Number of protein chains: 2
Amino acid sequence: MIAAGFTGGWLDRADHLRGDAAALSRALADPRARLMTLDGGDPVIDAGGRIAWTTLADLADDAAAIFLGIDAQGTPHFTQSRPGDVAGAARSRALTAMLDVMPAADAAILGAARSLTGWHARNRFCANCGTPDSLIRGGWARRCPACGTEHYPRVDPVVIMLAEHDGRVLLGRQATWPAGRYSALAGFVEPGESLEEAVAREVFEEAGVRVYDVRYVTSQPWPFPGQLMLAALATADDDALTLDATEIEDAIWVTRAEVLSALAAEPDARFLPPPAYAIARTLLETWAAGTSDGQE
Amino acid sequence: MIAAGFTGGWLDRADHLRGDAAALSRALADPRARLMTLDGGDPVIDAGGRIAWTTLADLADDAAAIFLGIDAQGTPHFTQSRPGDVAGAARSRALTAMLDVMPAADAAILGAARSLTGWHARNRFCANCGTPDSLIRGGWARRCPACGTEHYPRVDPVVIMLAEHDGRVLLGRQATWPAGRYSALAGFVEPGESLEEAVAREVFEEAGVRVYDVRYVTSQPWPFPGQLMLAALATADDDALTLDATEIEDAIWVTRAEVLSALAAEPDARFLPPPAYAIARTLLETWAAGTSDGQE
């Protein structure tokens, strides 16, 4: 089992309670109930980097409570959706620093909270008829009062992959990234294609490299704003690159030794790797350790 | 490589042309251009079960053209989005019959067309501000004229899985299915969870069975209305069942011999398996053949 960032949350989502108005009312009235507040999508954390939960006394007057689940003691946990919420794709500098120290199991719960609150903030109107709609099911859906359409939180599948050729893997960088940072190529899965087809299409679109033999490795949720990252390896027969400059600024083939040097943060490393909570790093670690599959 | 239904389409999606208005105009003016018409989400097929393409002369007056891609000869292919379109989760009886004979590579293109047209039909208003919005990028996005938000077609990741215990796998059936039909359990991946976590949550929610060691097998797009099906095996230590009657009507553990008998459509088979174009069948075939992974 490979442990990726934003996984391992310690709440039972308790889906059966979401549609049960009486049970949700009881949970909201539970004196033990805990609340995660978010400010521009950023949580409050304690000295250990963990979520600093507060009580429902801090639920804002203009907020709708979002039910995140119950812990092993049966304590209900919530976050809140407010009219002025902003929780989109961008991470604040403060949040980036928090994620470097936050345990993955706490980051998983933050991720769910942030994806949900951001989705509500960006989806206040019914896409089917244009009427303002309302949060239902403890925050796990919205319903239109005019046409009755129910809308569910969106999760966008994204493939993220290392093309492999002759003992090296392909990394790219975007112009907006920190200097020296290289990571796995990635892209959204489109309607009408499989994960495996999306991997091949994206590597070709971005780098001009044809790949086959796509091997799934593992996955993680990515709450900026709400992706499911599906990590894979694939094989390339040719290392010639033709870059799509609108997508990536540069791409390089790196050896296992170069990856290990970068992961160890050696001073002369060829590149700066992705942060620990990003599945691109998990993918690089897996490949570099040679445990990705039976072929290594 | 495992070939799943709705994969292997023979069009290059040519993403770089979608944002190029001049190129799209040239494609629409190309006398070779082909059009797939849909009636209630159903295509026209020829005697061989293939898509019966027509020409852009058949593009309806009230239609927006949707660019599906170019074939190996550079011929552009389109479908159309019309005001009265309905293409939702339900399959007509006619379409179900068509899919039984349609080659997977044609079904893949139909799937993309149906997912896109259905998405446009259900998303004519900006979810951010409620204003009617417009199709852009050859049908691969919508843009709001009021707030400027761009919306991209939705793809919902779904896990579909076989829990495995002592040489048997777990199948379930929904009350609305044809008599005798059993298939793999399945459910939507939620915000803030990984594929692996979604598999474990769904098997427990629907059948009360705890699973671990989730092993991804393969994927397919499912255009009813627009899912990415992610198929996996997982291991259970206990075969006791506690069914969620709102989700499934029944669940059974089946042996490899029973699966092989069902796949062979033997008269005394214990259950009716899913159709060939469903990845649940691919998953059953893979498991029954014992080629799913190194453990078999």
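**Two chains, two domains**

Q: In this predicted model, how many Å separate the centres of domain 1 of chain A and domain 2 of chain A?
A: Chain A is divided into domain 1 (15-122) and domain 2 (156-289), with bounds from an automatic or database domain assignment. Residues are numbered from 1 along each chain as its sequence is written, and chains are lettered from A in the order in which they are written. The model is predicted, and local features need pLDDT of at least 70, side-chain atom pairs count only at pLDDT 80 or more, and totals for chains, interfaces and linings use all residues. Taken over C-alpha atoms, the distance between the two centres is 31 Å.

Q: Which element gives the largest share of the side of domain 1 of chain A that touches domain 2 of chain A?
A: 13 residues of domain 1 of chain A are in contact with seven residues of domain 2 of chain A (contact: C-beta atoms, placed from the backbone, within 7 Å). On the domain 1 side, the elements that give two or more residues are α3 (93-101) and α4 (104-122) of chain A; helices are DSSP runs of H or I with at least four residues, strands are runs of E with at least two, and both are numbered from the N terminus. The largest share, seven residues, comes from α4(A).

Q: What radius of gyration does chain A have?
A: For 296 residues, a compact globule would have a value near 19 Å, by the rule of 2.2 Å times the number of residues to the power 0.38. The radius is taken over C-alpha atoms.

Q: Which element of chain B supplies the largest share of the side that touches chain A?
A: 45 residues of chain B are in contact with 44 residues of chain A. Elements that each supply at least two residues of the chain B side include β10 (156-165), α5 (195-207) and β13 (211-222). The largest share, seven residues, comes from α4(B).

Q: What kind of axis relates the two copies?
A: Chain B can be laid on chain A by a turn of 180° and a shift of 0.0 Å along the axis, with an RMSD of 0.0 Å; the superposition is by least squares on C-alpha atoms of residues with pLDDT of at least 70 in both. The copies are thus related as by a two-fold rotation axis.

Q: Which residue of chain B has the C-alpha nearest the axis?
A: 98% of the interface residues of chain B are also interface residues in chain A, so the copies meet through the same surface. In chain B, the C-alpha nearest the axis lies 2.1 Å from it and belongs to G130(B).

Methods: Two residues are in contact if their C-beta atoms, placed from the backbone, lie within 7 Å.
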